[in-house]
Amino acid sequence: MRTILHSDLNNFYASVELLKRPELKGSPVAVCGSVENRHGIVLAKNMIAKAAGVKTGETVWQAERKCPGLVRLPVDFPSYHRVSARVRQIYQRYTDRVEPFGIDECWLDVTESVRLFGGGTAIAEEIRAAVKAEIGVTVSVGVSWNKVFAKLGSDMKKPDAVTCITPENYQNTVWPLSVGELLYVGKATLQKLNKLGVRTIGDLARADRALLAAKLGKWGNALCAYANGEDDSPVARVDEEREIKSIGNSLTYHRDLVDNDDVYPLLLLLSESVAARLRESGVGKARTVHVSATDNKLRRYGKQGRLTEPASSASEIAALAFSLFKEVYPWSDPVRAAGVSVSDFTGKTEQMSIFSDVVEGRKGEKMDRAVDGLRKKYGSRIIQRATILQDDKLKKAEIGGAHINTPAEEPPEED
Amino acid sequence: MEYEKRYVGMQVRFDESGKMTPLAVLWEDGRTIPVDRVISFGRAAARVGSVMPVRYVCMIGGRERELYYESACRRWFVEMKRREDDPAQRSE
């Protein structure tokens, strides 16, 4: 039997901010996007704000209404990445099988080292203590024999705690929980399961697999297996390259965009950042482009389409994104936010089509590579498209990386 | 007990591998206070605002003292106990 840990950094962004400002420990604190740039939602909160009812994802004004005196702090992704990387180094003292799940969660397979360190619970306790002493933030750790139960365990006691889920106790500890707590059970699946009378994880474990398969397809069987602790998915090694399935980026604009011409520069900027990451990632070219848009009433629209030829250049991705956008967006209201992503990658080798102008394509690629080179050496703003230069805010945006930082969101200097 | 963060000047020796050894604290009143010995060092959470500093536990003037190094801004600091009856200290 394996020994799997799932370690979850508690209230991660807020905890890092409290490292910088320990005097705020007794106050309700929320890390928020910038209101001026209209990213004004709560990204993370500490326990005190949570107790006052502040929820991740709600707008700043909703949060402040529930919690007067809420201290709002700006996001500082570079610090969060630095802390996250250091915490992973602590995990790696115990195993080389450390698989991240987002910036603040990791699975660890410690099967090979339990004898060395005295068991899964002992390792979990050591990690908990080390993260607290060395970094100053806390983790909650779940210990089990599979990834799904380990993750459930880390959710059960927070913060700064260890929870073990064993073959002896899982029916008493896990089965009474709502089925929505189970990893991979999203909103849609939860509704379907509830309709079948499946409300707890125990209900799911004991449900008729044929019925589940009929209503949910093969997912039904898989979920039922998870509820019984039958999950043998491996924990990836640290150096294992994880398969990239899609690359995307999105941005809430600082003002409403009123027509197609207004939207194009934003799509172009997003396509540039996506194309640059695509070329860097070494997954070849993309075949599919997906565009999404949110209007100022927060209704979402999206559409995807295939490129006639696989592409890795910003202009080709932007061209398709723009035409998809024009097809799908009804223009009943102005655009607040947009996103572009690409998927369905070719891999490194490429098949050439006799119908496309190969030489022209090469020229475009050469230019993209030259631009990438310049940006790597001198920063992303050294060379820009004329379309983007027309817009003051876009002009100053830092592209590249998973986030586009617009000026007001640039992290503050550390004291 | 409340603490405040005081950045200090330092004399530090770098060996050929880049390893740092603190030699003396350059105190704000002009004194140079020698570090007798480094007892241990490693990452440790500070009591004052700082993200992941490295703590050097040292013998200084016959007593155990803690010096912190912030790699992000390459500065050293010490933690000062804040005396509630001393408005001069608080006003900083």
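Student: What radius of gyration does chain B have, and what would a compact globule have?
Tutor: The radius is taken over C-alpha atoms, and the globule rule is 2.2 Å times the number of residues to the power 0.38. For 92 residues a compact globule would come near 12 Å, and chain B agrees with that at 14 Å.

This is a predicted model, in which local features need pLDDT of at least 70, side-chain atom pairs count only at pLDDT 80 or more, and totals for chains, interfaces and linings use all residues. Residues are numbered from 1 along each chain as its sequence is written, and chains are lettered from A in the order in which they are written.

Student: How many residues of chain B are in contact with chain A?
Tutor: Contact means heavy atoms within 4.5 Å. On the chain A side 14 residues take part, and on the chain B side 16 residues.

Student: Which three residues supply 52% of the area that chain B buries against chain A?
Tutor: Buried area is the accessible area (1.4 Å probe) that two parts lose on being put together, summed over both. Between chain B and chain A this is about 1200 Å², with 57% from carbon and sulfur atoms. More of chain B's share than any other three residues give comes from B:Arg43, B:Val51 and B:Met52.

How values were computed
Heavy atoms only, no water.
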